Amino acid sequence: MAPSYSSAASGAPGPAPLLHIDARADRLGPVDPGQKILGLTVLKRLVLAAKKGGFDAVQVAGDAALKPLLDGTDAVLIGPDTPPPTSAATAPASLLGEVGWLAELAARPGDVEDTVFQNPPLNLAQNPDTRQAEQRLLSALVKETDGFMSRRFARPLSLRLSRILSRCGVTPNQMTLVSTAIGVSAAPFFLSPSPLMQSIGGLLFVVHSVVDGCDGELARLSFRESRLGGLLDFWGDNLVHVAVFAAMGLGWAMAIDAVWPLYLTALALIGTGGSAAAVYWFTLREKSAAGPVYTSVSSGPPDRLSKQLDALSRRDFIYLVFVLSLFGKAAWFLALTAVGAPVFLILVLVLAAKKRRTAQTA
C-alpha cells in the first residue's frame, strides 16, 4: 500500500508527495545547477527545500554529472528520459529552492507551471541576478517574534553578516560558540563602576545579541537546524546572561563596599537560571530534532500568558543595559532583574502547571 498524507489545502488523504525535478540541460537554460547561492548549490537547495516543504521523496532527472550535487541528500538521480509518475509534482531545476512555494506544491501536487502560488517561485533562468535570489532567501529569515529593536537594528545587521558567513562555510554551531564567547567576554567590564568600562561591556553585550542571530539564520539557510544546535544556543544565551548579571552584582558590591547587592544578585541568578531550567524541563526536553528547538516558553497552543512571557523573554532588554552602561548605571538593570526574573520564573511554573492540568482533563 502506498503511504498517504493529509493535504494542507483540503485535509483529504492522497498519495505521498513526490517531487520530480527536471534538470535536463534544455530545461536549465543558462542556469548552472552547481552554482552556489548563500552556501548551497542551486540543485541541492531545491532538493533540501522540497524535503523541508513536505515532499516525502525527490527524484532528479538529468545526466550522471549531477550526482555529486546531490551528495548529502536522499534525492534519487534518474535518467534524463525517464518520465515522472503521473501523481508526482514536477518542477524545473532552474527554480530557487524556497520552503514557501514548495510547501504549497506539496499540499497540491501538480506541474509548477499549472499551479497558482501565494508565493510564486523565482525562476533563475529568467532572473540571473543572484542578488535578488539572496535577498529573497535572507528576507524569509526574519521572524515574526522578533522584538522591536531586534527587527529594526539587530536583524538587518545579522542578515548582512550571515550573507558573508554562508559563503565562507561557517557552521551554525561555530557561530553559537562565537556569540557565547563575545557575550561572556562582556561580563568583566561590568565589574567596574566606570561608565567607559561599562559602555564597552554594554557594546559587547549588543554585539553578542547581533551575532547570536546568525546561528539560526545560517541553520535555516543551510537546512542544518538540529536539536544539538538549538540547545547549544539556548544554554549559551543563558550562560551569557548569568555571567553578565553576576559581574554587575559583584561590581556593585565592591563599588559601595556592601554585601546587600549580592543578595539582589542571587535573586537575579536564581530567577534567570531557574527560568532556563524550567523552560528546558517543561518545553524543550521532549522536543524532536525537527525545526527550531526554542520558539516559546511553553509547548502547545499559545495563550495570553505564554504570549506575554514570550514577549518578555526577547533580547530587547540588552539595549536598555547598553543605555544604562553609558552612564555607569548597569547595576540599575540588575535591581530590576532581581525583581523581574523570580516573578518570571513563578509565571513559567504557573504556566507549566496550567498546561499540565489542561492535558490531564483533555
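How are α6 and α8 oriented relative to each other: roughly parallel or roughly perpendicular? The model examined here is predicted.

## Two packed helices

Helix α6 covers residues 172–186, and helix α8 covers residues 227–256. They pack at an angle of about 5 degrees. Their axes lie 9 Å apart. Angles under 35 degrees count as roughly parallel. α6 and α8 are therefore roughly parallel to each other.

From α6, the contact draws on Asn-173, Thr-176, Leu-177, Thr-180, Gly-183 and Val-184. From α8 come Leu-228, Gly-229, Leu-232, Asp-233, Gly-236, Leu-239, Val-240 and Val-244. What is the make-up of this contact by class? The contact of α6 with α8 has 7 nonpolar residues, 6 polar residues and 1 charged residue.

## One cavity

How many cavities of 30 Å³ or more are there? The count comes to 1. About 40 Å³ of space lies in the largest cavity.

## The cavity lining

Which residues line the largest cavity? They are Asp-146, Ser-150, Ala-154, Arg-155, Ser-158, Ser-209, Val-210, Gly-213 and Arg-315. Two elements each give two or more residues to this lining: α5 (148–168) and α7 (195–222). α5 supplies the largest share, with 4 residues.

By class, the lining of the largest cavity divides into 2 nonpolar, 4 polar and 3 charged residues.

Note on methods
Residues numbered from 1 in each chain as written. Predicted model: local features only at pLDDT ≥ 70, side-chain atom pairs only at ≥ 80, totals over all residues. Heavy atoms only, no water. Axes fitted to C-alpha atoms, helices over the stretch in contact; angles between N-to-C directions. Parallel < 35°, antiparallel > 145°, perpendicular 65-115°, else oblique. Contact = heavy atoms within 4.5 Å. Nonpolar A, V, L, I, M, F, W, Y, C, P; charged D, E, K, R; others polar. 1 Å grid on protein atoms, 1.4 Å probe; cavity = no way out; pocket = protein on both sides within 12 Å on 5 of 7 lines; lining within 4 Å. Points joined across faces, edges and corners; volume = space filled by probe spheres on them.
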